[in-house]
Structure formats: structure tokens, C-alpha cells
Amino acid sequence: MHDRITLRFLAAPTDETKDGSSIQAGRVLEWIDKAGFACAAGYSERYCVTAYVGNVHFSQPIRPGALVEASARIIYTGRTSMHVLVTVESANPRTGEFALATHCLLVFVAMDDDRKPVEIPQWRPRTREDEELSQDALERIEARKAIHHVTLAQTFSDEGTTPKLTLRFLANPTDVNWGGNAHGGIVMRWLTECAQTLSTSFVGQPTVCVYTGGVHFHGPVHIGDVVEVDGRIIHTGPHSVHISLRVRSANPRDMKFRLTTRCTMIFVHVNELGKASEVPQLELTSEEDRLLDAHAVDLVARRQRLPHLPLPKR
């Protein structure tokens with residue numbers, strides 16, 4: 001039974017953004033999920049599913065060809081769940097000097113052979129740092145639940161007039177995880193692709209993801225399902241575009257769509273000086289537009305009140 005793991009690899013050319021300057025945010029989210037899964041599965045000795053990914057701030061880009069380390073460690077356990085802290089760092093292979101790209105908290109649930117949640121051994125802190133990280137995870141639980149509830153309470157209907165986009169495709173076998181469903185990291189990549197397309201269209205310039213938060217996985221996406229990824233712009237700051245996203249999937253034989261994933265992402269346009277540029281401001285026409293805009297502002301305030309997520313020592 002192991003409570004931590006580090007994956008080390010090179011960022012490949014297939015991971016690059018369109019302009020080749022950095023690695024796609026969706027690919028980094030895949031790495032985060034894979035490192036977290038490996039840690040959770042190694043600790044529980046069970047197949048695990050991603051339940052939540054929170055507050056991914058992309059602090060600096062990862063360059064193509066960089067040496068990448070994705071490190072994951074258990075910092076808290078519930079009866080069937082594991083809270084996993086993941087840090088992603090990158091370095092020039094010639095120097096080996098690592099710099100932080102992002103770090104975030106994930107929650108995984110251990111499953112039995114019938115794909116039902118199963119009880120796991122309780123994790124206990126061994127060091128002072130373990131205790132601090134465990135306490136931080138505990139303090140975030142109620143705040144995370146509150147954010148989840150207010151997000152589910154929002155209405156997205158045809159009365160909304162702000163820009164939106166829907167991508168529709170089949171979940172194919174190359175997306176499969178070890179349990180026969182679409183990998184959580186793949187789902188987050190779909191969300192990023194939808195959000196980036198929508199924000200780039202709205203801004204009229206290339207955009208990059210600077211934040212991903214409140215990723216709640218409500219159910220699996222089965223291989224062969226019809227998948228719909230919906231994105232809607234709900235708020236703009238002076239330099240940022242806030243997008244609410246959801247993933248739904250359906251068996252093509254009945255086309256009864258069910259919610260599988262929800263999250264929020266923030267994108268910016270970076271100018272030649274490496275700074276976020278001003279973006280067009282959203283026109284709020286309907287009452288639904290105004291309510292969703294207020295919801296986005298509330299989410300920012302709620303997340304700012306969360307305790308700072310500590311960075312583990314190397």
C-alpha cells in the first residue's frame with residue numbers, strides 16, 4: 001500500500017498548442033488525473049473513479065520538450081474516498097531545474113468488482129507537513145459542497161442569450177480507462193477544447209486556460225456513447241472570460257442524455273508582452289444572463305475565501 005507516486009516523462013510534440021509555444025491545458029489536466037488515479041489505486045489497491053477536481057491554477061506554461069514531473073500524494077481519506085494532492089512541475093532537460101506549473105486537489109472513490117464504492121483503510125499523517133495538508137483538505141469539504149449545490153441550482157435554458165457552443169461526438173475506444181469507460185482526464189480535455197473554441201471565437205484572438213475549477217463527475221461516459229459538451233460564457237472580467245461547462249452522454253440506441261460532468265473554466269488572451277489583454281465585455285440581455293453573471297461573481301468570491309492550498313516540499 002503506497003500513498004504517493006511521481007510520474008516523469010517528456011512533453012511530446014502531440015501535446016503542443018496550435019502555435020507550438022506551450023502544452024495544451026487539456027493535456028495537463030490528463031496528466032493530473034492519471035497521476036492522481038495511480039496514487040489512489042496504489043493506496044486502496046482498488047479500481048478508482050475521479051469524483052472531483054478543484055481549483056487548477058495554471059501558474060506558468062509548460063514548454064514543448066520539457067521534462068515533466070506529476071507528483072501525487074494522499075492527504076486525507078473518508079470511508080470510501082481519497083483526497084489526492086497533485087503537483088505538476090517542468091524543467092529544461094539540460095538543466096533539470098524544476099518550476100511549478102500547477103497544483104490541485106482531486107477526490108477519488110474506490111470501487112469493488114461490481115463498481116460500487118468500497119471502504120478503504122484510513123490514512124494517517126506521519127509528519128507535520130502531512131498533518132497540515134490533511135487539515136487543509138478537511139477544511140475544504142464543506143466549502144466544496146456549498147459551491148457544488150449553488151452550481152447545480154443554476155438554470156441554463158433558451159432564455160439565455162450569451163455565446164454558447166455544443167460539441168457532439170462518439171466516445172471512442174482510444175478514450176478508454178482501466179474500467180472500460182472514458183478516462184476522467186480525457187473528459188477534462190473535452191471540456192477544455194470546448195471552452196477554448198468558445199472563448200477564442202468570442203475574443204477574436206487565441207486564448208489560454210488560466211483556471212479550471214469545480215470539476216464534479218456525476219457519472220461515467222461509456223465507450224460508444226454519444227457525448228455532448230456544452231459551454232456557455234456567463235461572465236467577463238476586464239481581462240477574463242468565464243465559461244460554465246457540462247458533459248452529457250447517451251447510449252445511441254435510446255439517446256437519453258444524462259449529466260456526467262460539470263465545471264467552470266477561465267480563459268484569457270495573452271499579448272506579445274506575455275500579459276492578459278482586455279477582452280470584449282458580455283452583454284447581459286435576459287434575466288437568466290444576469291443571474292448567471294451574478295453566479296460567476298459569487299463563485300470567484302467563494303473560492304477566494306478558501307484556505308490557500310499548501311505546496312508540498314520537494
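Modeller: Start with exposure. A residue is buried under 20% relative accessible area, exposed over 50%, and partly exposed in between (1.4 Å probe, protein chains only). This is a predicted model, where local features need pLDDT of at least 70, side-chain atom pairs count only at pLDDT 80 or more, and totals for chains, interfaces and linings use all residues. Residues are numbered from 1 along each chain as its sequence is written, and side-chain values use heavy atoms, with hydrogens and water left out.

Colleague: How does leucine 259 count at 31% relative accessibility?

Modeller: Leucine 259 counts as partly exposed, because its relative accessibility is 31%. Its place is in strand β11. Helices (H or I, at least four residues) and strands (E, at least two) are DSSP runs, numbered from the N terminus. The C-alpha atoms of leucine 259 and phenylalanine 217 are separated by 8.8 Å, yet these two residues are 42 apart along the chain.

Colleague: Now aromatic pairs. How many are there?

Modeller: Rings of Phe, Tyr and Trp (its six-membered ring) pair if their centres lie within 6.5 Å; planes under 30 degrees apart are stacked, over 60 edge-to-face, the rest tilted. The count here is 3 aromatic pairs. One involves phenylalanine 9 and tryptophan 31: their ring centres are 4.9 Å apart and their planes at 65°, so the pair is edge-to-face.

Colleague: Which parts does the pair of phenylalanine 9 and tryptophan 31 tie together?

Modeller: Phenylalanine 9 belongs to strand β1 (residues 4-10) and tryptophan 31 to helix α1 (residues 25-44), so the pair ties together parts 22 residues apart in sequence. Phenylalanine 9 is partly exposed, at 24% relative accessibility. Tryptophan 31 is buried, at 9%.

Colleague: Which ring does the charged end of arginine 144 sit over?

Modeller: The rule first: NZ of Lys or CZ of Arg must be within 6 Å of the ring centre and within 35 degrees of the ring normal. The charged end of arginine 144 sits over the ring of tyrosine 52, 4.7 Å from its centre.

Colleague: How many disulfides are there?

Modeller: A disulfide is a pair of cysteine sulfur atoms within 2.5 Å. The count is 0. Take cysteine 48: its nearest cysteine sulfur, in cysteine 39, is 9.4 Å away. Cysteine 48 is buried, with a relative accessible area of 2%. For cysteine 194, the closest cysteine sulfur is in cysteine 263, 9.5 Å off and so too far for a bond. Cysteine 194 is also buried, at 0%.

Colleague: How many cavities of 30 Å³ or more does a search of the whole structure find?

Modeller: On a 1 Å grid over the protein atoms alone, a cavity is a set of points where a 1.4 Å probe fits but cannot get out; a pocket is an open set with protein on both sides within 12 Å along at least five of seven lines; lining residues have an atom within 4 Å of a point. The search finds 2 such cavities. The largest share, 5 residues, comes from α2.

Colleague: And the largest pocket: what is its volume?

Modeller: About 860 Å³. Of its 31 lining residues, Thr17, Ser21, Ser22, Thr207 and Val208 are closest to the centre. α1, α3 (184-203), β8 and β11 (258-268) each supply at least two residues of the lining. α3 gives the most, with 5 residues.

Definitions and conventions
Points joined across faces, edges and corners; volume = space filled by probe spheres on them.
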